[in-house]
Amino acid sequence: MDAGKAMHLASELDAYAHWFVAPKPSSGGHFLTLTLFAECGNTARIARDTTSVFLRGVVAEELIYDARLAVSELVGNVVNHAVPDRGKAHPGGCRRIDVVFKLYPKWLFIGVTDEDSTPPLLPMGDVYSPELMADISEAVLPDSGRGLLIVQRVATAVWWTPGERGGKTVWSRFDLDGRELSEPS
C-alpha cells in the first residue's frame, strides 16, 4: 500500500473511532442532542437554527451552510417518509426525531435518528454525468433519494446505523480540513 492510501486509511479509522463515542471535554470535542417531533410545523427550521447556533463562531460559515442543508434534508426525510416501527407507533402519538451533533477539532458528525427501521436508500453514485444533466428533462430524474444525494455532495461521508431497539440513525461527517476550532461562546 502506498503512503497516500495508508494515510487516508489511518485518517478514516481515526474519524471512525471518534464518531463511535461522545466527545469528552479533554478531547476538545463538543456534544449536543436535540429532540424534535415530526408533527410540529417547524421541525426542520428548529433543526437548522440549532445547527447554526451550535456551530456559529466555531467553524467556517460555509461549513455552517452545508451542515444546515444536511440537517434540513435528513430531518425532512423523517418528516416526509419515516413510519415508526410497530412497537414504537402510538395512536395519536408524535414521531420522535433526535439530532446529534459531535464536534471535534478535525470532524463534525451529525446524526438524525428516527423510529423507522427501514434502511434509507443511499444513492450509489451519479446516475448521469454532469455534462448530460443540462440536456436531461426533470421527468427522467429519480423521484426519491435526492435529499440524500444532496447530503452526500456536501458531507465528506454519509452512512446509517440500525438502532438497538428499532429505528435507525443516518449519519453525516464533515471533515474540518485542519482548520482550528474556536471555543464556543
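Modeller: Welcome! Let's start with a definition: helices (H or I, at least four residues) and strands (E, at least two) are DSSP runs, numbered from the N terminus. Please keep in mind that this is a predicted model, where local features need pLDDT of at least 70, side-chain atom pairs count only at pLDDT 80 or more, and totals for chains, interfaces and linings use all residues. Residues are numbered from 1 along each chain as its sequence is written, and side-chain values use heavy atoms, with hydrogens and water left out.

Colleague: What share of the contacts in the chain joins residues 24 or more positions apart?

Modeller: A contact means heavy atoms within 4.5 Å. Among contacts with a separation of 6 or more, 69% are between residues 24 or more positions apart.

Colleague: Let's look at one helix. Which residues of α5 are buried?

Modeller: First the general idea: an α-helix has 3.6 residues a turn, so residues three or four places apart point the same way. In α5 (residues 146-154), the buried residues are G147, L148 and V151. Looking down the axis of α5, you find these buried residues within an arc of 95°, so they line one face of the helix. That arc is taken from the directions from the helix axis to the C-beta atoms. Their cover includes α3 (61-81), β4 (157-162) and β5 (168-175).

Colleague: Now the cysteines. How many disulfides does the count come to?

Modeller: A disulfide is a covalent bond between the sulfur atoms of two cysteines. The rule asks for a pair of cysteine sulfur atoms within 2.5 Å, and the count here is zero. C40 is in no disulfide, and its nearest cysteine sulfur, that of C94, is 6.1 Å away. That distance is too far for a bond. C40 is partly exposed at 41% relative accessibility, and C94 is partly exposed at 44%.

Colleague: How many salt bridges are there?

Modeller: Side chains of opposite charge can pair when their charged atoms come close. The cut-off used is a side-chain nitrogen of Lys or Arg within 4 Å of a carboxyl oxygen of Asp or Glu. By that rule there are six salt bridges. One of them pairs R95 with E39 at 2.7 Å, N to O. R95 lies in the loop between α3 and β2 (96-103), while E39 lies in the loop between β1 (30-37) and α2 (43-55), so the pair ties together parts that are 56 residues apart in sequence. R95 is buried at 17% relative accessible area, whereas E39 is partly exposed at 40%.

Colleague: Where do K168 and D114 lie?

Modeller: The side chains of K168 and D114 meet in a salt bridge at 3.1 Å, N to O. K168 is in strand β5 and D114 in strand β3 (residues 107-114), so their pairing ties together parts that are 54 residues apart in sequence. Both K168 and D114 are buried. Salt bridges that share partners also join R45, D49 and R68 into one network.

Colleague: With which side chain does T169 make a polar contact?

Modeller: A polar contact is a pair of N or O atoms within 3.5 Å; within protein, one must be able to donate a hydrogen and the other to accept it, and residues adjacent in sequence count only if both atoms are side-chain atoms. The side chain of T169 makes one with the side chain of T113, at 2.6 Å. T169 sits in strand β5 and is buried, with a relative accessible area of 10%.

Colleague: Last one: is F101 buried or exposed?

Modeller: F101 is buried, at 0% relative accessibility, and its place is in strand β2. Leaving aside neighbours within four places in sequence, F101 is in contact with several residues, among them F31, F54 and F109. F101 and F31 are 70 residues apart in sequence, but 5.6 Å apart in space, C-alpha to C-alpha.

Terms used. Buried means under 20% relative accessible area, exposed over 50%, partly exposed in between (1.4 Å probe, protein chains only).
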